[in-house]
Structure formats: structure tokens, C-alpha cells
Amino acid sequence: MTADARSRHADTSCALTAGTVADRIGRKRLMVACVTLFSLASGVCATADSVAVFGLGRTLAGVGLGGLLPTAISMVCDYARGGRGALTIGLLMNAHHAGGILSAYVAKWLLEPVGWRSAFWVCVLPLHFVPVLAKVLPESLSFLVAKGRTEQARALADRYDVELPAAADRKSPADRWDALLGLFRGGEWLQTLLYWPASFGGLLLVYGVATWLPTLMRGEGYNLGSALTFVVLFNLCGIVGMLVAGRAADSFGAPRISAAWFALTAAGVFLLSVRMPLGVTFLVVFLTGVFLNSAQTMIYATVSIRSTPDSRATAVGWTSGMGRFGAVFGPWLGGQLLAAGNGDWGFTAFAPAGVSSMVFIGLAALRSARGPQRSGAEQQLVAAR
């Protein structure tokens, strides 16, 4: 197994468990720990004198990064003002895509003149922000309420002018797996099992298309120039998509927008298998990237908004973690098609993943729309749009 594959498997494992841990020890502590871990692990990669040490560093970095995203999503949802949960999560994910653009240029500027170790030293820099995070970052309101620290939560809610989450009807989890079991209690099991394959298909598309898009298009006969152009274009698509999808989701509902975006993504990916003028092809690539990146994020927004406050991190973490299996499978699928000389089937093979995610998240939306309505403060936080 390559170091990159180990990192993705570690990312998957940590995403699966990070939410459960966050609901137990606090989201602020876990975020600080994740940033510390991936920063120090990057330093291990930068100083590695063997493949084994480098692989260890990549694995530990994957653990840190895998735990950070679902924890951050559940945190920002706590502090999103009423009716802006999806947009707030979209803005958070924009930072992810901005980092993708910056990383491409860091590679261009440093790798040839300085060497590959320099790129990992850059990844150590977030360690300097750990003291700031520890001092300034507030704790999750949901976590404080679940732990009975209501006065502290109310003070934070007043400071940031957001609504205080309602206390959960059921008791706070006494053991670390109770929050996970809560995702399957009552009628929640079906909703959970709809979110997971939707996330799997979404990340299969995101990582599969991002990894193999330039190669597959060159196989179709397009002269695309530098792969750097595609890295930047793909992440720019994500930024535009998050802004559009976030606003649309807060107006029409995150699951509806996610389902529609996945349908448009599937159509765009399939169109790329058809030979078109280069200008039209770049337009299709851009629009497909806009819809693809934000469709997956709207799954996270749906899960976060519709989860009860005390299990939100667990729900998002496990949805993200199950999706990470798709992040591993997508690049593998593209590689297998190319190795077998079937690169011309690449886009056709990826398109059904968009259709399946559209179906699963669409069913989740329909089921919630027909389910019983919640009341009071919980309705405002977990409202099914």
C-alpha cells in the first residue's frame, strides 16, 4: 500500500470515529488536537529518512485531517445564524478549495528549486495557530448544553448573537458509542442509511474525477496543457459552487439542492465522454465542477442541520467517513479503467455515481418531508426543508 493510500485509509478511519469522540470530549479540543497532529506529522514527512517513516507521517497526517473536517462542520453549524446553516457550511468548505488552489502554486514555486521536503515544511506552519485556536475558539454550544453547562453556552450564544440549542430529550451519552447507536434509534436508521451511500457516491465522484480528469480527457484527444490549470480550475469551481449552493440551499433546502446538483453533475460527467470543441469542453468542466463540489457539501449540510445537537458531530463524522470509502474507490476505479485500456469508458463509469447519490439524498429529502414535524427550538435547528 502506498503512503497516499495509507493516508486516505487513516483519513477514513478517523472521520468515522472523530464525531463520536467530539461528542464526548468536546469539538474545540478535538479540532486543536487534529491541527496539532497533522502539523507535527507533516514535520515527520519532511524529515523522513526512509519510506517507512514517511508512510507513518502520512498516516498520522491523514488521521488529523480526517478528524478536522466533520468536527469543523458541526462546530460552524452551531454558530450559524438562523436560516443560514447551509451557506455557513459552504463558506467553510470554500477555505478547503482555496487551500487546494494555494497548494498547487506552493508545489509549483517550491518543488523544483527547493525540493519536495519543503512542501511538507509548509504544512507544519498551522502549528503556530494552535495557541490561538486554544485561546480564541469557543466550545461547541451543542456540546456544552449536552454536558449540562447551560450558563456557559448561553453566554456564548449571547456573545455571538445565535440561538441556544435545545437540550436533547434523551440523556447525554454515557459511553462513547451511544451517540452512534442513536443514529439508528426509532426511525433514524433509514435516514442514516440513505445519507451514507449518497456520501459514498459523492466523494467517489469528487476524488475520482479530480484525480483522473486531465488523463481521461487527454485520452479523448484533448490538448489540455498543464495539469496545474485543471487543479486551479477545479478548486475555483468549488468556490463558486459553494456560494451558489449555500444560498440556494438555505432558500429551498439542502437535500433538494444536493439532489438537483448531483443530477446536473451526472449529466456533465457524461457529456465529457462526447467529443466537443475545446471551449465548450472547458465550460462543461467548469459547470460540472461547480455542481459536483457543492453537491457533496450539501449532504454534510443536510446531515448537520437535521441532526439533534448532541449527536451532530457523530452524524456528520460517520457520513463523511462512509463517503471516504468512495474517495478511495474513485481513484482506484479510474486507474483500473486506464490500466485495462478502457479510459474512454471513464466518464461513463463515473456518471452513475452521481445518479445514485441523487436518488439516495432525494429519498432522504422525501422521507423527512413526510415525517413528523419537530417543535420549538429543536424545530429551528433540525428543520426539514
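**Entry 1. Leucine 110**

I looked up leucine 110 and placed it in helix α4, which covers residues 85-114. The model I am reading is predicted.

Next I listed the contacts of leucine 110, leaving out residues up to four places away in sequence. Leucine 110 touches Gly115, Ser118 and Val122. For valine 122 I also noted the spacing: 12 residues separate it from leucine 110 in sequence, and the C-alpha to C-alpha distance is 9.8 Å.

**Entry 2. Glutamine 191**

I moved on to helix α10, where I found glutamine 191. I recorded glutamine 191 as buried, because its relative accessibility is 5%.

Which side chain does the side chain of glutamine 191 meet in a polar contact? I found tyrosine 195, whose side chain makes this contact at 3.0 Å.

I also checked glutamine 191 against phenylalanine 360. The two are 169 residues apart in sequence, yet their C-alpha atoms lie 9.5 Å apart in space.

**Entry 3. Threonine 192**

I looked up threonine 192 and found it in helix α10, residues 188-219.

**Entry 4. Helices α2 and α3**

I turned to a pair of packed helices, α2 (residues 27-47) and α3 (residues 51-78). Their axes are 7 Å apart and meet at an angle of about 155 degrees. I therefore describe α2 as roughly antiparallel to α3, since angles over 145 degrees fall in that class. As to handedness, I recorded that α2 passes α3 in a left-handed crossing.

**Entry 5. The chain as a whole**

How many helices and strands does the chain have? I counted 16 helices and zero strands.

The chain has 385 residues, and I noted that buried residues make up 51% of them.

For the contacts, I considered pairs of residues at least 6 apart in sequence. Of these contacts, 81% join residues at least 24 apart.

Finally, I recorded that the protein chain exposes about 17000 Å². Carbon and sulfur atoms supply 66% of that area.

Key
Residues are numbered from 1 along each chain as its sequence is written. This is a predicted model: local features need pLDDT of at least 70, side-chain atom pairs count only at pLDDT 80 or more; totals for chains, interfaces and linings use all residues. Side-chain values use heavy atoms; hydrogens and water are left out. Helices (H or I, at least four residues) and strands (E, at least two) are DSSP runs, numbered from the N terminus. Contact means heavy atoms within 4.5 Å. Buried means under 20% relative accessible area, exposed over 50%, partly exposed in between (1.4 Å probe, protein chains only). Accessible areas come from the Shrake-Rupley method with a 1.4 Å probe; for residues, only the protein chains shown count as cover. A polar contact is a pair of N or O atoms within 3.5 Å; within protein, one must be able to donate a hydrogen and the other to accept it, and residues adjacent in sequence count only if both atoms are side-chain atoms. Axes are lines fitted to C-alpha atoms, for helices over the stretch in contact, and angles run from 0 to 180 degrees between N-to-C directions. Angles under 35 degrees count as roughly parallel, over 145 as roughly antiparallel, 65 to 115 as roughly perpendicular and the rest as oblique. A crossing is left-handed if the near helix is turned anticlockwise from the far one by less than a right angle, and right-handed if clockwise.
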